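Dear colleague,

Please read them alongside the coordinates.

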Amino acid sequence: MAQNSAAPVGGPIGGRWLQLLIGVVCMSMIANLQYGWTLFVEPMNEKHQWGRASIQVAFTIFVLFETWLVPVEGWFVDKFGPRIVVFIGGILCALSWFLNSRADSLAMLYVSAALGGTGAGAVYGTCVGSALKWFPDRRGLAAGITAAGFGAGSALTIVPIAAMIKSQGYEHTFLFFGLMQGAVVMVLSLLLQAPKEGQLPAVKASATQSRRNYGPGEMVKAPVFWVMYLMFVLVAAGGLMATAQLGSIAKDFKIADVPVSIIGLTMPALTFALSIDRVLNGLTRPFFGWVSDNIGRENTMFIAFGLEAVGVLALAHFGSNPVLFVLLTGLVFFAWGEIYSLFPATCGDTFGGKFATTNAGLLYTAKGTASLVVPMASVAVASLGNWDLVFMITAAVNAIAALMAIFVLKPMRTRFVAGAAAQAAAEPASAKVTG
């Protein structure tokens with residue numbers, strides 16, 4: 001069913017680009033729950049002496065709740081709209097850091113982490129789903145820009161948070177930023193809208209974009225979904241195993257504190273690498289999303305996943321050089337973070353826009369599945385005494401995913417979308433895709 005290229009009277013204020021901007025800002029407001037956490041660990045441990053490992057359990061709880069509840073939250077979005085879900089998410093995120101500022105036991109810290117993960121997942125899943133719905137013609141770019149808000153959203157507030165912790169204590173910092181970030185999300189949520197028929201641009205028929213909406217129940221019965229899920233797990237697990245252990249890798253290479261000078265900046269190698277991570281982890285998402293809008297999702301996956309495999313192998317062989325360590329870890333991060341734009345966009349293309357939030361949320365649980373295998377890296381290093389096996393496995397799974405994109409996923413999606421077109425042609429007009 002053709003759509004109007006311009007939003008009709010009564011559409012959202014500012015149009016779909018304002019909806020996208022709201023999503024980016026909301027994602028930026030929840031980014032610190034994950035990326036700013038590391039700044040609070042040592043001050044909490046100094047005060048309560050709970051131990052780093054015990055405190056970090058809270059982070060694990062946060063990630064699991066942030067990941068695995070997204071499909072449930074997505075179902076609420078598809079049924080009741082984005083506004084109420086993001087509003088509640090903002091409340092939970094604010095409540096989480098408020099409780100962190102008052103936590104006097106690990107149990108209270110863990111409860112807070114569960115609340116924060118639930119709230120962050122609600123905002124994350126809703127904003128990505130909203131981008132997929134509002135931009136059926138540019139799903140890769142829109143999902144990438146939105147995901148970049150989370151990937152690089154903490155960059156502007158990390159320094160103020162660190163300064164406030166030092167000057168006023170971590171408790172006051174939790175309270176101030178928790179309430180501020182939550183308030184911004186709640187206010188902006190009131191402007192969120194789901195697209196209505198006629199408010200989206202016309203999308204040309206394509207061999208890779210479905211003209212039929214599939215509900216989550218139908219989606220999980222489709223083999224093509226599980227191929228995407230397996231690829232997501234492979235790439236996410238490989239990237240997490242390589243990047244989550246960056247500090248340990250730098251230490252074992254004996255270059256963590258070696259000064260590195262690049263483009264006039266001088267920092268210890270590990271600090272430099274972590275700084276580049278923040279920037280490239282954000283930039284890669286809209287960049288590869290835009291590329292995929294122009295050359296196709298699977299072709300872009302082949303390039304990105306292949307680049308990741310090469311980068312990891314190069315890091316294994318040349319990472320003991322401090323300058324190359326910084327540059328190659330930047331390459332690894334750049335070739336990895338795009339999964340958070342490519343897979344949601346591919347999911348939206350394949351299964352339609354109507355249930356995009358729930359469907360993308362189900363696919364996003366692959367991140368949680370992948371995180372469960374990350375500890376295997378530590379086990380391998382402990383038993384072998386080096387990172388060789390970890391690097392080899394990481395490169396191999398990325399190479400496998402790259403080949404699967406071209407030789408498995410691409411033909412499967414083409415056949416699936418062709419079948420969807422045939423089904424859509426036989427259905428009443430009201431049942432056909434409108435985004």
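**Salt bridges and buried charges**

Glutamate 298 counts as buried, at 2% relative accessibility, where buried means under 20% relative accessible area, exposed means over 50%, and partly exposed lies in between (1.4 Å probe, protein chains only). Before going further, please note that this is a predicted model, in which local features need pLDDT of at least 70 and side-chain atom pairs count only at pLDDT 80 or more, whereas totals for chains, interfaces and linings use all residues. Residues are numbered from 1 along each chain as its sequence is written, and side-chain values use heavy atoms, with hydrogens and water left out.

The partner of glutamate 298 is arginine 413, and the closest N and O atoms of this salt bridge are 2.6 Å apart; the term requires a side-chain nitrogen of Lys or Arg within 4 Å of a carboxyl oxygen of Asp or Glu. The bridge links distant parts of the chain, since arginine 413 belongs to helix H19 (residues 388–426) and glutamate 298 to helix H14, 115 residues apart. Helices here are DSSP runs (H or I, at least four residues), as are strands (E, at least two), and both are numbered from the N terminus. Arginine 413 is itself buried, with a relative accessible area of 0%.

Salt bridges that share partners also join Arg139, Asp293, Arg297 and Asp349 into one network. Within it, arginine 297 forms a salt bridge with aspartate 349, with 2.7 Å between the closest N and O atoms. This pair too links distant parts of the chain, with arginine 297 in helix H14 (residues 297–318) and aspartate 349 in helix H16 (residues 339–351), 52 residues apart. Arginine 297 is buried at a relative accessible area of 6%, and aspartate 349 is buried at 4%.

A further salt bridge joins the side chains of glutamate 218 and arginine 212 at 2.9 Å, N to O. Here glutamate 218 is partly exposed, with a relative accessible area of 37%, while arginine 212 is buried, with 10%. Over the whole structure, the search finds nine salt bridges.

**Aromatic rings**

Arginine 212 also lies over the face of tyrosine 214, at 4.3 Å from the ring centre; for this, NZ of Lys or CZ of Arg must be within 6 Å of the ring centre and within 35 degrees of the ring normal. Lysine 79 is placed likewise over the face of phenylalanine 80, at 5.9 Å from the ring centre.

For ring pairs, the rule takes the rings of Phe, Tyr and Trp (its six-membered ring) with centres within 6.5 Å, and calls planes under 30 degrees apart stacked, over 60 edge-to-face and the rest tilted. The count by this rule comes to 29 aromatic pairs. One of them is the edge-to-face pair of tryptophan 75 and phenylalanine 80, at 6.3 Å centre to centre and 85° between the planes. Phenylalanine 176 and phenylalanine 177 form another edge-to-face pair, at 5.2 Å and 80°, in which phenylalanine 176 is partly exposed at 42% and phenylalanine 177 is buried at 5%. Elsewhere, Tyr124, Phe150, Phe232, Phe305, Trp336, Tyr340, Phe343 and Tyr364 form one aromatic cluster.

**A nonpolar surface patch**

Val72, Trp75, Phe76, Phe80, Ile84 and Ile88 form a nonpolar patch on the surface, with about 580 Å² of accessible area together. Patch residues have over 30% relative accessible area and no salt bridge, with nonpolar side chains (Val, Leu, Ile, Met, Phe, Trp, Tyr) joined within 5 Å and like charges within 9 Å; the areas come from the Shrake-Rupley method with a 1.4 Å probe, and for residues only the protein chains shown count as cover. The elements that give two or more residues to the patch are helix H4 (70–80) and helix H5 (82–102), and the largest share, four residues, comes from H4. Among the members, phenylalanine 80 counts as exposed at 53% relative accessibility, whereas tryptophan 75 is partly exposed at 43%. Phenylalanine 76, in helix H4, is partly exposed at 37%.

**Around valine 224**

Valine 224 lies in helix H11 (residues 223–243) and is buried, with a relative accessible area of 2%. Leaving aside neighbours within four places in sequence, valine 224 is in contact (heavy atoms within 4.5 Å) with Thr350, Phe351, Leu409, Met412, Arg413 and Phe416. Its C-alpha atom is separated by 9.0 Å from that of valine 408, 184 residues apart along the chain.

With best regards
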